[in-house]
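Here is a short report for a first look at this structure.

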Amino acid sequence: LEFYSKTAIEEYTKAWLLDKSDSDILMNLAHCYRQNGDTKKADELYQQVIDTFPDTQNAIDAKDYMTSD
């Protein structure tokens with residue numbers, strides 16, 4: 001799973017750099033970090049979804065996925 005997540009992280013990062021208008025890419029990238037146990041990075045990306053795409057379903061969902069420290 002960790003290898004898959006690392007590969008997925010690399011691919012979603014590349015995709016995000018190519019298309020920063022797609023909130024699904026950023027959400028999927030955040031999910032990968034979360035699944036890999038990096039909740040801090042995941043939360044940073046979820047917050048970026050909220051800030052960049054505020055009136056979307058992904059922003060609403062991102063709030064639910066964020067961990068509270």
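## Helix packing and two residues

H3 and H4 are roughly antiparallel to each other, because an angle over 145 degrees counts as such. Their axes cross at roughly 150 degrees and come within 8 Å. Helix H3 covers residues 39-52. Helix H4 covers residues 57-65. This is a predicted model.

H3 passes H4 in a left-handed crossing. From H3, the residues Asp43, Tyr46, Val49 and Ile50 take part in the contact. They meet Asn58, Ala59, Ala62, Lys63 and Tyr65 of H4. By class, this contact has six nonpolar, one polar and two charged residues.

H4 also packs against H2, which spans residues 23-35. Here the axes come within 11 Å and cross at roughly 15 degrees. That makes H2 roughly parallel to H4, because angles under 35 degrees count as roughly parallel. The crossing of H2 past H4 is left-handed. H2 brings Ser23, Asp24, Met27, His31 and Arg34 to the contact. H4 brings Asn58, Asp61, Ala62 and Tyr65. These residues divide into three nonpolar, three polar and three charged.

| Helix pair | Axes come within | Crossing angle |
|---|---|---|
| H3 and H4 | 8 Å | roughly 150 degrees |
| H2 and H4 | 11 Å | roughly 15 degrees |

Now for single residues. Asparagine 58 is found in helix H4. Is asparagine 58 buried or exposed? Asparagine 58 is buried, because its relative accessible area is 12% and the cut-off for buried is under 20%. Setting aside residues up to four places away in sequence, asparagine 58 touches Ser23, Asp24, Met27 and Val49. With one of these, aspartate 24, the side chain of asparagine 58 forms a polar contact of 2.8 Å.

Serine 21 sits in the loop between helix H1 (2-18) and H2. Serine 21 is exposed, because its relative accessible area is 59% and exposed means over 50%. Which residues does serine 21 contact, leaving aside its neighbours within four places in sequence? They are Trp16 and Phe53. The side chain of serine 21 also makes a polar contact of 2.5 Å with the side chain of aspartate 19. Histidine 31 lies 10 residues from serine 21 along the chain, and their C-alpha atoms are separated by 18 Å.

Technical notes
Residues are numbered from 1 along each chain as its sequence is written. This is a predicted model: local features need pLDDT of at least 70, side-chain atom pairs count only at pLDDT 80 or more; totals for chains, interfaces and linings use all residues. Side-chain values use heavy atoms; hydrogens and water are left out. Helices (H or I, at least four residues) and strands (E, at least two) are DSSP runs, numbered from the N terminus. Buried means under 20% relative accessible area, exposed over 50%, partly exposed in between (1.4 Å probe, protein chains only). A polar contact is a pair of N or O atoms within 3.5 Å; within protein, one must be able to donate a hydrogen and the other to accept it, and residues adjacent in sequence count only if both atoms are side-chain atoms. Contact means heavy atoms within 4.5 Å. Axes are lines fitted to C-alpha atoms, for helices over the stretch in contact, and angles run from 0 to 180 degrees between N-to-C directions. Angles under 35 degrees count as roughly parallel, over 145 as roughly antiparallel, 65 to 115 as roughly perpendicular and the rest as oblique. A crossing is left-handed if the near helix is turned anticlockwise from the far one by less than a right angle, and right-handed if clockwise. Ala, Val, Leu, Ile, Met, Phe, Trp, Tyr, Cys and Pro count as nonpolar, Asp, Glu, Lys and Arg as charged, and the others, Gly among them, as polar.
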